[in-house]
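Student: I would like to go through this model chain by chain. Please keep to what can be computed from the atoms.

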Amino acid sequence: MTLALAVDIGLALLILAIAAWTIAVRDTFASVIGFVTYGLLLTLVWVRLALPDVALTEAAMGGGLTGILLIGAAAQLRRTEATVRTERLGILTRTLAAVLSVAVTLALSICVLNLPDPAPTLAPAAAANLDTTGVGNPVTAVLLAYRAMDTLLEAIVVLLALFGVWSLAHDRVWGGCPKLRTQADSEGILAYFARLLPPIGIIVGIYIFWIGADFPGGKFQGATILATMWLLVIGAGLAYLPPISRAWLRILLVAGPLVFMVIGFVGLVTAGAVFAYPDGYAKPLILAIEFALMPTLVLALALLVAGAPQRMPPQ
Amino acid sequence: MKFALDIFTIFAVMAGAFFFLAGTVGLLRFPDPLTRLHALTKADNLGLGLVVLGLLPQTDWPLDTIKLVAIWLFALLAGATVGQLMACAARRGGVNAVELTPSPTGGRSGWGRPKGSEASDLSCPHPNPAPLGDDLLGSTASHREPPK
Amino acid sequence: MNGPTLFGLCAAALIGFGLYGLIVNPQPLRKIIGFNVIGSGVFVLFGTIARRGAAVGMGGDPVPQALLITGIVVAFSATALAVALLLRLYDGRGLVTLDNEAAPTETTTDPSDA
Amino acid sequence: MTMPDFLLSAAAFVLVMVALGLIRILRGPEDVDRMMAAQLLGSGGIAALLLFGVATEAKAVIDVALTLALLAAFASVAFVQGISQPDCDDSKETRGE
């Protein structure tokens, strides 16, 4: 048994332990803390699986936005804890659920152990056409050249989720501000932190975005970091979220997918297929899409965490 | 030279690992949240700091080296902020802290506040801190700006 | 036994844990967490497949990696929507039970009244 | 023992240490203690990542660690904000626009 395998086994046991505890613990708040820790360990798993792009996404999502979202929700729902705890399923249902879960696990384990060898892979195909895209990172090439449609739909799904969240607002506050819980004291340590960190965080976010063309990184990871920084400034009470009726906000939200679609359909004329890029223009067009999607993603991800509008803007 | 740098790496990383050990032992063995917080911040600052220091000779100048130093600086900033915020939270809600420490004021944001009665005082020591709050926040007091 | 297979088995167990939590926990937020554990298990399973597809100097098959990144972002969006729905339920009913039998005390508080 | 092996062992050691810290997450007793253990696991995770990254010469791992370090405080910040405001009432607004 090699050292690396020993590390992997330890990590797997660790993540299983924290997952089991997250599921089993009585208190919801404790469960959320467990889940945040679980996200961190998941990042280590991605690194051990040598998938740095995914690790970066998980680190950015799990470290920031997911934690803010779930911890905030758990804090608001704390009062319901006592009533919910009284509802427990009967022993029969729980046993059946356990049997079902074990069955699913066993079935999947058998599948894992019988995966075809050698594994099918699209890596050679992706590598063969990498030069035509002008992008150095094969994952970015897949996201924006070979399977650009997926990425467009993903951006639209994020937007749709945001519209879904917004649509939960009361009629009277429609178009108002989402109200993120903020620190009452805008001069405390948190405000200090929120003044110091975001400038550096923005540089890191843009750096991660920028190197995405050639190394692991990219717009999703960069946008997540930027969104988290924005939420920090708001959470520390140094700024307010804009009302969702603002024109600039809505234009920026729609601009990304729109530019993406326009470039996609222009490809129909210039290169003969939707999302085909004309020869020699692949890299500039990919960059244009990334730049247009960036503000959309930053705003959409941050506003998803902020939730439905809850009050009208102060006049 | 390479050999000397490798020796340096080994010693610094081992020292860092020792501080993680110490932090974990402290987190598990210390009796109340504030002392546990003390142990935690040592592991944060020194453990990660020494690991970063040890890895510096093994990385490429300049970008990776700068990133490593930045990681340590981020950890320091996070540790300092979290340390203060957690101390506030532990003081307000920590049963153990209340048991082990006498209440100096008993008034607003005092130590003796029993768990669950935090509704009336929700902000961290600012702007009307208990005596300990002043000590905790002394270093940042100079950064305060006049209220708008 | 190698690294990817190990994490594949780990993923299978994670999916099992998540499924159990989704069914058994009465608190909806716990169900959301359980669902996310299932999701991450599926991602890890997919990650092992990506890792096994390592070729031509790449650490893993780039196509599943790209899908994983997409999946993580979409999973986050779905979680955010679910949490918003849950908070709206709490806002409208003052409780978060999914049990229809529980008395729906209509305590709608419109924040604009405050 | 070569340098990568040493670094990998160090990473394993740090992981084992912070894994022991998980006992604090399990036992509590307060959520604050749990959050502290999560914070320790965060730092340990970053250290382990860096050690992995340098040991296997995977440069991208340093970027992952950078992201984690940048966001290290966020869960704790959200936690402290969460417990300091049990419900959202507008009385806590201190600034207008």
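The questions and answers below take up the chains, their helices and their contacts.

Tutor: This is a predicted model, in which local features need pLDDT of at least 70 and side-chain atom pairs count only at pLDDT 80 or more, while totals for chains, interfaces and linings use all residues. Residues are numbered from 1 along each chain as its sequence is written, and chains are lettered from A and ligands numbered from 1 in the order in which they are written.

Student: Over which residues of chain C is the pLDDT below 50?

Tutor: pLDDT is the predictor's confidence in each residue, from 0 to 100. The mean for chain C is 83, and 82% of its residues reach 70 or more. One stretch with pLDDT below 50 has 17 contacts beyond near neighbours in sequence, a contact being two residues whose C-beta atoms, placed from the backbone, lie within 7 Å. That stretch is residues 104-114 of chain C.

Student: What pattern does chain B follow along the sequence?

Tutor: Helices (H or I, at least four residues) and strands (E, at least two) are DSSP runs, numbered from the N terminus. Chain B has five helices and zero strands. Read along the sequence, the pattern is α-α-α-α-α.

Student: What percentage of the 148 residues in chain B is buried?

Tutor: A residue is buried if 20 or more other C-beta atoms lie within 10 Å of its own, exposed if 12 or fewer, and partly exposed in between, with C-beta atoms placed from the backbone. Among contacts in chain B between residues at least 6 apart in sequence, 54% join residues at least 24 apart. The buried share of chain B is 42%.

Student: Are α1(B) and α2(B) roughly parallel or roughly antiparallel?

Tutor: Helix α1 (residues 2-29) and helix α2 (residues 33-55) of chain B pack at an angle of about 165°, with their axes 8 Å apart. Axes are lines fitted to C-alpha atoms, for helices over the stretch in contact, and angles run from 0 to 180 degrees between N-to-C directions. Angles under 35 degrees count as roughly parallel, over 145 as roughly antiparallel, 65 to 115 as roughly perpendicular and the rest as oblique. The relation of α1(B) to α2(B) is therefore roughly antiparallel.

Student: How many charged residues does the contact of α1(B) with α2(B) have?

Tutor: Ala, Val, Leu, Ile, Met, Phe, Trp, Tyr, Cys and Pro count as nonpolar, Asp, Glu, Lys and Arg as charged, and the others, Gly among them, as polar. In the contact of α1(B) with α2(B), 17 residues are nonpolar and six are polar. The charged residues there number two.

Student: How do the residues of the contact of α2(C) with α3(C) divide by class?

Tutor: Helix α2 (residues 28-52) and helix α3 (residues 62-93) of chain C pack at an angle of about 175°, with their axes 10 Å apart. That angle makes the two roughly antiparallel. The contact residues include Phe43(C) and Phe46(C) of α2(C), and Leu68(C) and Ile72(C) of α3(C). By class, they are 14 nonpolar, six polar and no charged.

Student: Which residues of α11(A) does α3(A) meet?

Tutor: Helix α3 (residues 52-76) and helix α11 (residues 219-235) of chain A pack at an angle of about 25°, with their axes 9 Å apart, which makes them roughly parallel. From α3(A), the contact takes Leu56(A), Thr57(A), Ala60(A), Met61(A), Gly64(A), Leu65(A) and Ile68(A). Their partners in α11(A) are Phe220(A), Gln221(A), Thr224(A), Ile225(A), Ala227(A), Thr228(A) and Leu231(A).

Student: How many nonpolar residues are on the side of chain A that touches chain C?

Tutor: The contact takes 85 residues from chain A and 73 residues from chain C. On the chain A side, 17 are polar and 12 charged. The nonpolar ones number 56.

Student: Why does helix α4 of chain D count as largely enclosed by the rest of the structure?

Tutor: Chain D has four helices and zero strands, and 68% of its 97 residues count as buried. Helix α4 covers residues 74-84, among them Phe74(D), Phe79(D) and Gln81(D), which are buried. The helix is largely enclosed because its buried residues number 11 of the 11.

Student: Which residue of chain B is in contact with Leu51(D)?

Tutor: Leu51(D) is in helix α2 (residues 31-56) of chain D, and it counts as buried because it has 30 C-beta neighbours inside 10 Å. Leaving aside neighbours within four places in sequence, its contacts in chain D are Leu7(D), Ala10(D) and Ala11(D). From chain B, the contact is Val51(B).
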